[in-house]
Amino acid sequence: MLTYCVRRRMFFLKKQNVRSLLCGFANPFQLWRDCRSLGTAVKDSDHTSAFMQFCSGRYYIIPDQGESFLRGISCAYGPLGMELRKNMLDQWWTSVVMSKAQVFGINTLHLTRNRPVTDQRTLKLVDCNAVDHILSQRALKLDQVKEDLQKLLQNSAPIRSNLLQGALEQYLPSLELVNRRLPFGLAETGVCYQPLEGHINGPGCPAEVTQASLVWFCSPRTSSQWLDYWARQRLQWWRKFAMGPSSFSSSDIEDGKEGEKVSRGVRILYQFPWGAEPLETLCSLGDEELLQLHKRSSKLQCKDGRKSVVPHVISVCANIDRGVLAYLHNSLQEMKKTDSKRKLHSRKVLKLHPSLAPVKVALDMGRGPTVELRQVCEALLHELLERGISTWPGYLETMQSSMEQLNTKYDEMGVLFTVVITDSTLENGLVQVRSRDTTIKETMHIAEIKAFFTKYVNAAENI
């Protein structure tokens, strides 16, 4: 590698003078390190491309959506990707809303005319027909056209770029719910719209981002402790579902990185091959935004023991789309095994946590009378779905595949268990159950299937 790089270096420097050529060889080991870094970058790029192809090939995203997915914004999800995102939102909601008695769910509008514009850059929903009507009036002078367009923009409703403002708006109506006592929180999940430079849809085009938000109102004297509490809780949550927990970390936000109104903040990060990306951001905002929004009303005060105070605000905001990407990357494992002939075999397994796995069980048919086996599969499918166990109807596949091919497919889809119905099932009720994680095949009576899977999933959620 060193000889090859040196030759390339000589080729590019042959038009320079002798002195510059000698400088180029002053540190050949630095040159070797630079070439090695370039090779690592190319390798990471190839790995990322293969990872995106894997996600689209196993129904997590629609093909050609890789760029949006990598940027941590909503893309066109496939059936499994949509189910994975739903499971993540459910788990986030359970961990945040159900973990504290004083956290309540809310729902705010995407558009609102009464919301003040606080961001330097705001997205608005504009009627294109109204714009065309103004531009088509040739009798208008340029100044009049500008004035009409400005009025149209002013009267257009802004689109939310985060869920924070909606929670701040609902602060006053929520006070009676908690008897004006601190602390309490308002949680919401939903789609927000953010302008992204250089987006694939064009410069400045809005991108959808699925967010999960908690706005925590607390006493000014305890705001720092509460920020630490939620930072620990959120990091533990992200690590709970990870195959490699060490890839998830937290770091303090540098001053000014999240704006002047942030007195202190923490980011939950995931270490991708291309660098660390934020999954969840926690910010201590003080009371200024709340005071500005409600025009410094005296009704903002809450009870903190015997005192009445204006609460401080802690914002917890998760990017669920980037979280989906992180868990897919973290869960994809390459398992290697040597057979009896000392031949090395490798297989890819998407070891998603049982609580997040989009499909818990795949049903397939083995040898036997097709009509009768399919009837058994359909009956078992409906029973599992009634229990809330997501099931893949593999027995409906028209293309014949070997069990080895099916196991490979289901492992890459992240399916926890494969159940095979055979002619033995018709005779004595026995089915074959294969585990994704252990590859062990067990024989079980069909009447025990529902209870077994229900117990397994419930146990995984309580770990």
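Biologist: In which sense do strand 17 and strand 18 (residues 441–445) pair, and over how many bridges?

Modeller: The general idea is that strands of a sheet pair through backbone hydrogen bonds, in either a parallel or an antiparallel arrangement. Here strand 17 and strand 18 are antiparallel and share 5 bridges, and V433 stands opposite E442 of strand 18. Two strands are said to pair if DSSP finds at least two bridges between them, while strands (E, at least two residues) and helices (H or I, at least four residues) are DSSP runs numbered from the N terminus. Please keep in mind that this is a predicted model, in which local features need pLDDT of at least 70 and side-chain atom pairs count only at pLDDT 80 or more, whereas totals for chains, interfaces and linings use all residues. Residues are numbered from 1 along each chain as its sequence is written, and side-chain values use heavy atoms, with hydrogens and water left out.

Biologist: Which residue of that hairpin takes a positive phi, and what pairs with strand 17 (residues 430–435) over 4 bridges?

Modeller: The hairpin of strand 17 and strand 18 has 5 residues between the strands, and T439 has a positive phi near 60 degrees. Strand 16 (residues 417–421) also pairs with strand 17, in the antiparallel sense and over 4 bridges, with Q432 of strand 17 as the bridge partner of V420.

Biologist: In what order do the strands of the open sheet of 7 strands lie, and which are the edge strands?

Modeller: The order is 1-4-5-11-8-7-6, and the pairing is mixed. Strand 1 (103–105) and strand 6 (248–252) are the edge strands, each pairing on one side only. Neighbouring strands are turned by 25 degrees against each other on average, direction ignored; the axes are lines fitted to C-alpha atoms, for helices over the stretch in contact, and angles run from 0 to 180 degrees between N-to-C directions.

Biologist: Which strands does helix 5 (residues 79–97) lie across, and how far apart are its end C-alpha atoms?

Modeller: Contact means heavy atoms within 4.5 Å. Helix 5 lies across strand 1, strand 4 (184–195), strand 5 (206–218), strand 8 (275–286) and strand 11 (312–319), running at about 150 degrees to strand 4. The expected span of a helix is 1.5 Å times one less than its number of residues, and because helix 5 has 19 residues it should span 27 Å, in agreement with the 27 Å between its end C-alpha atoms.

Biologist: Is S298 buried or exposed?

Modeller: S298 lies in the loop between helix 11 (288–293) and strand 9 (302–304), and S298 counts as exposed because its relative accessibility is 65%.

Methods. Buried means under 20% relative accessible area, exposed over 50%, partly exposed in between (1.4 Å probe, protein chains only).
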